[in-house]
Structures are given as structure tokens and as C-alpha cells.
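Student: I'd like to learn how to read helix packing and cavities in a structure. Can you walk me through it?

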Amino acid sequence: MKFLISADSKYHFDKNKYTNCHQLKKYNNFINDSLNVNTPPGKLKLYIDDHQPSTINHQPTLGLNPGASYGSAKRWYPEEFARVASELASQYDIVIFGGPGEKDIAMDIEKSLIEKGVSNYQNLAGNTTIPELINHISNLDLFITGDSVPMHVAAAFQVPTVAIFGPTKDDETSQWMNDKSIIVKQNLDCQPCMKRTCPLKHHNCMKQIQVNDILNISSIESNKIILQENPVDMRNLLNDVISLVQNSIEAKGLKLELIYNNNDINCIRIDDKLVKQILLNLITNSVKYSKDGTITIDIDITTQEVLIEVSDEGI
């Protein structure tokens, strides 16, 4: 197609040249190579000509985005979104988003909310322009979404986001540089398959994500989490988490260093599922933003607390 372009300088993006990093870094590296510059990627920015603060909601606003245009494999289930929304309706006003092709999904959520007696919601699926959608997302206090374009819009405004990933590569297409983003995924052997529909017909990457997984993460943002404490061996927990990201670490040629500052105490009472999810997100972010170097996990355990620090040499 380049022969149809009259520009003096023409460049072609070779997807086989730019691999093993986030999509944004791939495009940024391509531009740097093409223009012979060395500009590091920054946070996403979107500019709205006429930004309107929300005037329709009387309490914090939760956005739900159940759709994903790539295919059904990327979608968590409408009934599960509705269960999450009904549990959070006392804390948030609910806004349902979606494109014209996702009205049915949004309507399923709306019907379920009505059945559950939830009335403080709006269904905007198929009823917003792109600028209106951007404006609505920018006003959210919490966003629960799949891997989608609206997810990246939320990153541009640093909206606290729970991003649900199934068949796609979260280290390549998750939110870019949103410190308030948490990824929820299962880390199954079949992930990421990158298929539009589940080739194994079970869709476990989404089916096994529980409502409580989302509620626990959402509760962190509202400071209302209820901890489920259990006696846990921290070494075993950490080894479990590392096993989930080991392939990604090796694929990028990164090194992993573990530092235990107290070898005498291993077992402590914590919410193991929550700690595992948080630790997985921290390490995943380190892998995502590191081109090379070492990821260091520094653990200091006492009888009263666990201090875990994850550091890297990335952005």
C-alpha cells in the first residue's frame, strides 16, 4: 500500500520485528526507529473539547463494560456483571456501556438488575457518541471491563479499573501506565489462546472467574474489603504466583531475584487469594514495563505482618 502514498518518507510496521512487549511500546519503538529519535512512551492522554462533570449521579459512579468486539471469548458473562452491580449498588450508581452491537448484552444486565430490585442504573449501550462515551468514562469512580477500547479510554483518565482478561495477552494489551488498574485472570495452561471463540469449548478462562474475585478487588478501591484470613506459607504462595508468570519472564529475557529477609517465619495469617491477586498484578506490571534487567521481590516477614516490595528496571 505504500506505493499509493505520496509522502517523501514511507515506513512500514513489521509485527515480526517488534515483539514481547506491550502494544504501545511496539508502536513507540517503531516511531523511534523510523524517525531516528529516542522518545520514551508516557501516560495516555485524551482531550475533550467540552468536558462535562457528571450531574446525574448522587453517589460514586461504577461503569460496566461487558462487551468486546474481538469475539465472545473475551467476554465475561452478563449475569455475572449484574451480580457484581447488584452487590455494589448501595455504594455506587451504575452505568452500563456498550456499542450498537452490544445492546443485547447490556439489556440482559439491565433485566437482571430490575429483577434484583436495583433502580439506580443507566443503560447507555448504543446511545452515546464517541465524545459522549469518553466524557462518561472520565467521570467514573470505578470501571469494571473486559479487554476493550473503553478500557484504554479509562487509562487515559487514570480511572480505577478492574480489567477482566481471558484469551488475550494482558502483558501486551492491558491498560498502559494506569496505577489504579488491576487485572483479573485465571492463568490457565490454555491462556492466552488469542481465539475469538474458545477452541476447547469450555471457556474456563472466563467461566472460572468468580463474582467474589471482582467484588474483593472492587472493595479495595472503596476501602470496604472484608478479609478472609487463613494460615498461609508465604514461600508456597510466592512460588505459586511465580509459576504463573515464569514463561512471560523467560520470554522477555528478564531475571528474577527473590530476597527473604527472615527465614525463620514462613507461615502467617492473611487473605491468601487477595494477596496472590495483588502480587500477581505487581509482578505482571513489572514484566510488562521492563525491556530487560532484573525484577526483584523483597519479602520481610514478621509475626504481625508481611512487607512485600516488587521492583524492576523498567519505565
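This is a predicted model: local features need pLDDT of at least 70, side-chain atom pairs count only at pLDDT 80 or more; totals for chains, interfaces and linings use all residues.

Student: What describes two packed helices?

Tutor: The general idea is simple: you give the angle between their axes and the distance between those axes. Here, the axes of helix α9 (residues 234-251) and α10 come within 10 Å, crossing at roughly 30 degrees. Angles under 35 degrees count as roughly parallel, so α9 is roughly parallel to α10.

Student: Is the crossing of α9 and α10 left-handed or right-handed?

Tutor: Right-handed, for α9 and α10.

Student: Which residues in α9 and α10 meet?

Tutor: On the α9 side you'll find L237, L238, D240, V241, L244, V245, S248 and I249. Their partners in α10 are D272, V275, K276, L279, L280, I283, T284 and V287. Sort the contact of α9 with α10 by class and you get 11 nonpolar, 2 polar and 3 charged residues.

Student: Now the cavities. How many of 30 Å³ or more does the count give?

Tutor: A cavity is a space where a 1.4 Å probe fits but cannot get out. In this model the count comes to 1 cavity of 30 Å³ or more, and the largest cavity has a volume of about 30 Å³.

Student: Which residues line the largest cavity?

Tutor: D170, I183, K185, Q277, L280, N281 and T284 do. Helix α10 (residues 272-289) supplies the largest share of that lining, 4 residues. L280 and T284 turn up in the lining and also in the α10 side of the helix contact.

Student: And by class?

Tutor: The lining of the largest cavity has 2 nonpolar, 3 polar and 2 charged residues.

Methods:
Residues are numbered from 1 along each chain as its sequence is written. Side-chain values use heavy atoms; hydrogens and water are left out. On a 1 Å grid over the protein atoms alone, a cavity is a set of points where a 1.4 Å probe fits but cannot get out, and a pocket is an open set with protein on both sides within 12 Å along at least five of seven lines; lining residues have an atom within 4 Å of a point. Grid points are joined across faces, edges and corners, and a volume is the space filled by probe spheres set on the points. Helices (H or I, at least four residues) and strands (E, at least two) are DSSP runs, numbered from the N terminus. Ala, Val, Leu, Ile, Met, Phe, Trp, Tyr, Cys and Pro count as nonpolar, Asp, Glu, Lys and Arg as charged, and the others, Gly among them, as polar. Axes are lines fitted to C-alpha atoms, for helices over the stretch in contact, and angles run from 0 to 180 degrees between N-to-C directions. Angles under 35 degrees count as roughly parallel, over 145 as roughly antiparallel, 65 to 115 as roughly perpendicular and the rest as oblique. A crossing is left-handed if the near helix is turned anticlockwise from the far one by less than a right angle, and right-handed if clockwise. Contact means heavy atoms within 4.5 Å.
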